[in-house]
Amino acid sequence: MTNQTEDARHAYRQLCDTLRLTLPITFLDIAAEQTVVVSSPDAEALRLALGYEKTAADFFRHLPPEAR
């Protein structure tokens, strides 16, 4: 597992402990190049190749109009 995955799993457990949650929650850790989704302390974390910098670079381009 990546450091981001381990960090997200740790943050999930810490949040559940701090808030004394008994129902499952979904925790999103959105980083520059990927997003980690944790929905259960025992389940495998889901890693998505979708982060804030990657999304901005791949999908949001500023192309101002030009005079012809």
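Guide: What follows is a set of questions and answers about a predicted model.

Visitor: Let's start with the helix. How do you know that H1 has the span expected of it?

Guide: H1 covers residues 3-19, 17 residues in all, and reaches 24 Å from its first C-alpha to its last. At 1.5 Å a residue the expected value is 24 Å, and H1 comes close to that.

Visitor: Which residues of H1 are buried?

Guide: Gln4, Thr5, Ala8, Arg9, Tyr12 and Cys16 are the buried ones. They cover an arc of only 140 degrees around the axis, which puts them on the same side of H1. As background, an α-helix has 3.6 residues a turn, so residues three or four places apart point the same way.

Visitor: And what is exposed on the other side of H1?

Guide: There you find Asn3, Asp7, Asp17 and Thr18, which are exposed. The buried residues, in turn, pack against strand E1 (27-30), strand E2 (35-38) and strand E3 (46-48).

Visitor: How many bridges hold for E2 and E3?

Guide: Three bridges, again in the antiparallel sense. Val36 stands opposite Arg47 in E3, and Val37 has Leu46 in E3 as its bridge partner.

Visitor: Which way do the residues of E2 point?

Guide: Thr35 and Val37 point one way, Val36 and Val38 the other way, and all are buried.

Visitor: What makes up the largest nonpolar core?

Guide: Seven residues: Ala8, Tyr12, Cys16, Phe27, Val36, Val38 and Ala45. To belong, a residue has to be buried, of a nonpolar kind, and joined through side-chain atoms within 4.5 Å. H1 and E2 each supply at least two residues of this core, and the largest share, three residues, comes from H1. In soluble globular proteins, nonpolar side chains tend to be buried together.

Visitor: What does Tyr12 touch?

Guide: Leaving out residues up to four places away in sequence, Tyr12 touches Pro24, Ile25, Phe27, Val38, Ser39, Ser40 and Pro41.

Visitor: On to the loops. Why is Glu33 called partly exposed?

Guide: Glu33 has 48% relative accessibility. Buried is under 20% and exposed is over 50%, so Glu33 falls in between and counts as partly exposed. Its place is in the loop between E1 and E2. Apart from neighbours within four places in sequence, Glu33 is in contact with Leu48, Ala49, Leu50, Gly51, Glu53 and Lys54.

Visitor: How far is the C-alpha of Glu33 from that of Glu66?

Guide: The two are separated by 32 Å, and they sit 33 residues apart along the chain.

Visitor: Last one: why is Arg20 called exposed?

Guide: Its relative accessible area is 73%, and the cut-off for exposed is over 50%, so Arg20 qualifies. Arg20 is found in the loop between H1 and E1. Just after H1, Arg20 takes a positive phi of about 50 degrees, although it is not a glycine.

Key: Residues numbered from 1 in each chain as written. Predicted model: local features only at pLDDT ≥ 70, side-chain atom pairs only at ≥ 80, totals over all residues. Heavy atoms only, no water. Helix = DSSP H or I, 4+ residues; strand = E, 2+ residues; numbered from the N terminus. Expected span 1.5 Å × (residues − 1). Buried < 20%, exposed > 50% of the residue type's maximum accessible area, 1.4 Å probe, protein only. Arc of directions from axis to C-beta. Contact = heavy atoms within 4.5 Å. Pairing = 2+ DSSP bridges.
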